Amino acid sequence: MQIRTRMCMSADGYVATPDGWPAQLADPNWDPETFGFVELQASCDAVLMGRTTFEPALGADEWPWADLDVFVLGSRRPPGTPAHVVVEGDPTRLLEKVRAGNKGGDVHLVGGPRTIETFRLLGALDELGLIVLPLLLGSGLQLTPSVSTDTALTLKSERALPTGAVEIAYSCA
């Protein structure tokens, strides 16, 4: 099992817009399939995320993780959370539950920089995937300082996407 994350960022290093929306929503070419998110999720058996990322999905017309086990780092269970979703406030215990429930596939770590850093500090993040978008936001939320700059990264792969974005994957040491 590998825990892998993939997030979009602007060419000037912002993962969220000044009003808190993910950077990819500012890109007029954004499409989850073109940007490889559908492919990544199809290769995983579970998703792991923070409560802030999870809560908007509760109001979605279609449950985004229909065929996946869902694990949420949160101090409380949000109203309307499906019964099969595991919610745990302690990241170490949640990671133990993820590993115990693993069916042999990878886990997609979905979330912002703080959630990513939480699991990186536990030694659980295996792959950091970044999609650098061909746009400049000028301000917003950056990947760092939430993710430590002492993180050792080894380039695994890179590829240009048809939209002009570049996908980069790093192994985390």
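A polar contact here is a pair of N or O atoms within 3.5 Å; within protein, one atom must be able to donate a hydrogen and the other to accept it, and residues adjacent in sequence count only if both atoms are side-chain atoms. The model is predicted, so local features need pLDDT of at least 70 and side-chain atom pairs count only at pLDDT 80 or more, while totals for chains, interfaces and linings use all residues. Residues are numbered from 1 along each chain as its sequence is written, and side-chain values use heavy atoms, with hydrogens and water left out.

View 1. The side chain of Asp126 reaches the backbone nitrogen of Ile3 at 2.8 Å. Asp126 sits in the loop between α4 (113-121) and β7 (127-133); helices (H or I, at least four residues) and strands (E, at least two) are DSSP runs, numbered from the N terminus. Leaving aside residues up to four places away in sequence, Asp126 touches Met1, Gln2, Ile3, Tyr170, Ser171 and Cys172, where contact means heavy atoms within 4.5 Å. Although Asp126 and Met1 are 125 residues apart along the chain, their C-alpha atoms are separated by 9.3 Å. Asp126 is partly exposed, with a relative accessible area of 27%; buried means under 20%, exposed over 50%, and partly exposed in between (1.4 Å probe, protein chains only).

**View 2. The open sheet.** Follow the eight strands in the order β5-β4-β3-β6-β1-β7-β10-β9, with mixed pairing; two strands pair if DSSP finds at least two bridges between them. The edge strands, β5 (86-88) and β9 (153-160), each pair on one side only. Neighbouring strands of this sheet are turned by 20° against each other on average, direction ignored.

**View 3. Strand β1 and its two neighbours.** Eight of the eight residues of β1 (residues 3-10) are buried. Ile3, Thr5, Met7 and Met9 point one way from β1, and Arg4, Arg6, Cys8 and Ser10 the other way. Three bridges join β1 to β6 (residues 106-110) in parallel, and Thr5 has Leu109 as its bridge partner in β6. Seven bridges join β1 to β7, again running parallel, with Cys8 opposite Ile131 in β7.

View 4. Six of the seven residues of β3 (residues 44-50) are buried. Five bridges join β3 to β6 in parallel, and five join β3 to β4 (residues 69-73), also in parallel. Look for Met49, whose bridge partner is Val110 in β6 and Val72 in β4. Another pair to find is Val47 with His108 in β6.

**View 5. Helices on the sheet.** Helix α3 (residues 91-101) packs on the sheet, touching β1, β3, β4, β5 and β6, and its direction makes about 170° with that of β4. Helix α4 lies across β1, β3, β4 and β6, at about 140° to β6. Axes are lines fitted to C-alpha atoms, for helices over the stretch in contact, and angles run from 0 to 180 degrees between N-to-C directions. In α4, Pro113, Thr115, Ile116, Glu117, Phe119 and Arg120 are buried. Gly123, which follows α4, has a positive phi, near 75°.

**View 6. Cysteines without a bond.** The structure holds zero disulfides, a disulfide being a pair of cysteine sulfur atoms within 2.5 Å. For Cys8, the closest cysteine sulfur is in Cys44, 16 Å away and therefore too far for a bond. For Cys172, the closest is also in Cys44, at 15 Å, again too far. Cys8 is buried at a relative accessible area of 2%, and Cys172 is buried at 15%.
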